[in-house]
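Subject: Structure handover and findings

Hello,

Here is the structure we talked about. Please open it alongside this email; my notes follow below.

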Amino acid sequence: MSDAFFGLPPEVIFCKRCVISNQRPSSTVEFKHAKGEKKLTIGFDNDGVCDACHYQETKADSINWEDREAALVELCDRYRRSDGNYDVIIPGSGGKDSAFTSHIMKYKYGMNPLTVTWAPHKYTAIGWKNFENWIHEGGLDNMLLTPNGRLHRYLTQQAFVNLLHPFQPFIVGQRIIGPSLAAKFGVELVMYGENQAEYGNNVDDNYIPTMDTKFFSISDPLDIVLGGKKIREIIDETDFTLTDFAPYIPPSAEYLKSKDVEVHYLGYYLKWDPQECYYYATEHTGFQSNTERTEGTYSKYSSIDDRIDMFHYYTTLVKFGIGRATYDAAQEIRNNKITREEGSQLVKKFDEEFPKKYFKEFLEYISLTEEQFHETVDKFRSPHLWEKDGDEWNLKSTVWHDQKRLD
Ligand SMILES: [Zn+2]
């Protein structure tokens with residue numbers, strides 16, 4: 001058996017129910033991407049079914065959603081303010097999920113939210129339009145935080161070269177913007193939409209309503225790792241200074257506690273269905289899907305606001321054999337929108353598609369040549385996932401072969 005990089009399970013197993021494999025990392029933020037380093041991947045039960053599918057079952061059968069909604073109403077009653085101040089911070093981009101979360105919190109549950117946005121690397125036209133509609137048509141307040149573009153480009157480049165994870169700095173920013181601005185504005189409640197755990201992160205997180213603030217336990221900001229390097233090292237090697245990193249430095253867990261800030265997920269309280277969020281956002285905040293499908297998948301309405309988003313999924317394909325169509329199909333199978341058979345055909349058709357449309361722009365953004373791009377990518381192809389046939393790289397295990405075996 002060939003060596004598996006990043007401590008991935010050496011044998012690829014596909015979930016019997018959806019199309020996800022056991023190579024799926026359990027967290028996109030904490031994953032270190034270093035060869036041989038221990039990390040967590042999605043759990044599989046003895047029945048060959050993944051944790052995310054099992055959670056979906058729990059969601060359908062054994063959670064009392066009326067009780068959960070009652071708990072949400074209680075939570076809102078506890079935090080609602082009548083002094084004109086904001087009472088909840090809602091992070092998001094104006095995509096379908098944050099549009100749903102913010103609109104329903106304001107107009108159904110009577111809260112006064114401030115939505116906060118960590119800017120995409122490069123807005124798409126449709127993304128910017130949806131962002132505007134969210135505020136103009138949806139009737140919500142927003143603060144757009146755009147980090148120092150020169151630093152963010154540098155971090156994205158480092159994250160690509162060192163980790164093949166160009167979205168890592170963005171994900172970090174998105175994760176800390178809520179608690180960070182809540183503490184600054186004296187708002188005690190932060191509401192994120194869905195807990196990504198639902199898609200195979202630590203599954204236990206699905207059973208608690210709040211975000212683990214371990215992430216925020218950093219004693220020295222110089223030790224924060226961004227793009228695979230400590231801030232300390234970056235400052236040594238470049239002309240950036242610590243002040244440039246302000247938006248990437250999370251408030252400490254202790255500070256959040258002293259300010260009574262709590263971070264919750266709406267997906268804990270309301271039965272989450274991405275397609276329903278889409279319908280809701282269309283109706284209430286003027287959300288529009290794209291006119292064409294996103295490269296690497298068949299869908300038109302999720303994560304469409306960033307021109308380099310497809311490179312995030314291209315790198316997950318390279319590192320884990322899991323591209324965007326796999327993520328989309330797995331989610332839709334779990335929500336009973338498509339069958340596993342249909343899902344595996346969609347994966348076959350779209351998962352390995354190279355994102356051509358914004359390739360040049362992406363290369364410019366991260367200041368790499370095409371050769372440097374491919375050289376980097378190929379360094380991260382684990383031999384247990386990929387084999388080379390002439391000039392072409394092929395996945396050794398695919399879900400459509402697995403599906404044939406089951407048929
Ligand atoms: Zn599954």
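First, a definition for the helix packing: axes are lines fitted to C-alpha atoms, for helices over the stretch in contact, and angles run from 0 to 180 degrees between N-to-C directions. Helices (H or I, at least four residues) and strands (E, at least two) are DSSP runs, numbered from the N terminus.

This is a predicted model, in which local features need pLDDT of at least 70 and side-chain atom pairs count only at pLDDT 80 or more, while totals for chains, interfaces and linings use all residues. Residues are numbered from 1 along each chain as its sequence is written, and side-chain values use heavy atoms, with hydrogens and water left out.

**Helix pairs**

Start with helix 13 (residues 340–350) and helix 16 (residues 399–406). Their axes lie 8 Å apart, and the packing angle is about 145 degrees. The crossing of helix 13 and helix 16 is left-handed. That term applies if the near helix is turned anticlockwise from the far one by less than a right angle; clockwise is right-handed. From helix 13, the residues in contact are Arg340, Glu341, Ser344, Val347 and Lys348. They meet Val399, Trp400, Asp402, Gln403 and Leu406 of helix 16. Contact here means heavy atoms within 4.5 Å. By class, this contact has four nonpolar, two polar and four charged residues. For the classes, Ala, Val, Leu, Ile, Met, Phe, Trp, Tyr, Cys and Pro count as nonpolar, Asp, Glu, Lys and Arg as charged, and the others, Gly among them, as polar.

Next, helix 3 (residues 96–107) and helix 10 (residues 274–285). They pack at about 65 degrees, with axes 8 Å apart. The crossing of helix 3 and helix 10 is left-handed. Helix 3 contributes Lys96, Asp97, Ala99, Phe100, His103 and Ile104 to the contact. Helix 10 brings in Pro274, Cys277, Tyr278, Tyr280, Ala281, His284 and Thr285. The classes here are eight nonpolar, three polar and two charged.

**Cavities**

Rolling a probe the size of a water molecule over the atoms shows where empty space is left. A cavity is a set of points, on a 1 Å grid over the protein atoms alone, where a 1.4 Å probe fits but cannot get out; lining residues have an atom within 4 Å of a point. Grid points are joined across faces, edges and corners, and a volume is the space filled by probe spheres set on the points.

The structure holds four cavities of 30 Å³ or more. The lining of the largest cavity splits into eleven nonpolar, seven polar and two charged residues.

**Single residues**

Buried means under 20% relative accessible area, exposed over 50%, and partly exposed in between (1.4 Å probe, protein chains only).

- Threonine 316 is in helix 11 (residues 309–320). It is buried, because its relative accessible area is 4%. Leaving out residues up to four places away in sequence, threonine 316 touches Gly321, Ile322, Gly323 and Tyr327.
- Glycine 178 is in helix 6 (residues 168–185). Its relative accessible area is 0%, so it is buried. Apart from neighbours within four places in sequence, glycine 178 contacts Ile89, Pro91, Val116, Val190 and Tyr192. Glycine 178 and histidine 264 are 86 residues apart along the chain, with their C-alpha atoms separated by 10 Å.
- Aspartate 141 is in strand 3 (residues 141–145). At 33% relative accessibility, it counts as partly exposed. Not counting residues up to four places away in sequence, aspartate 141 touches Tyr86, Pro113, Leu114 and Thr115.
- Serine 26 is in the segment before helix 1 (51–61). It counts as buried, at 13% relative accessibility.

**Positive phi**

Aspartate 260 is not a glycine, yet has a positive phi of about 55 degrees. It lies in the loop between helix 8 (253–258) and strand 7 (262–265). Aspartate 260 is partly exposed, at 47% relative accessibility.

Serine 303, also not a glycine, has a positive phi of about 45 degrees. Its place is the loop between helix 10 and helix 11. Serine 303 counts as partly exposed, at 37% relative accessibility.

Best wishes

Notes:
On a 1 Å grid over the protein atoms alone, a cavity is a set of points where a 1.4 Å probe fits but cannot get out, and a pocket is an open set with protein on both sides within 12 Å along at least five of seven lines; lining residues have an atom within 4 Å of a point.
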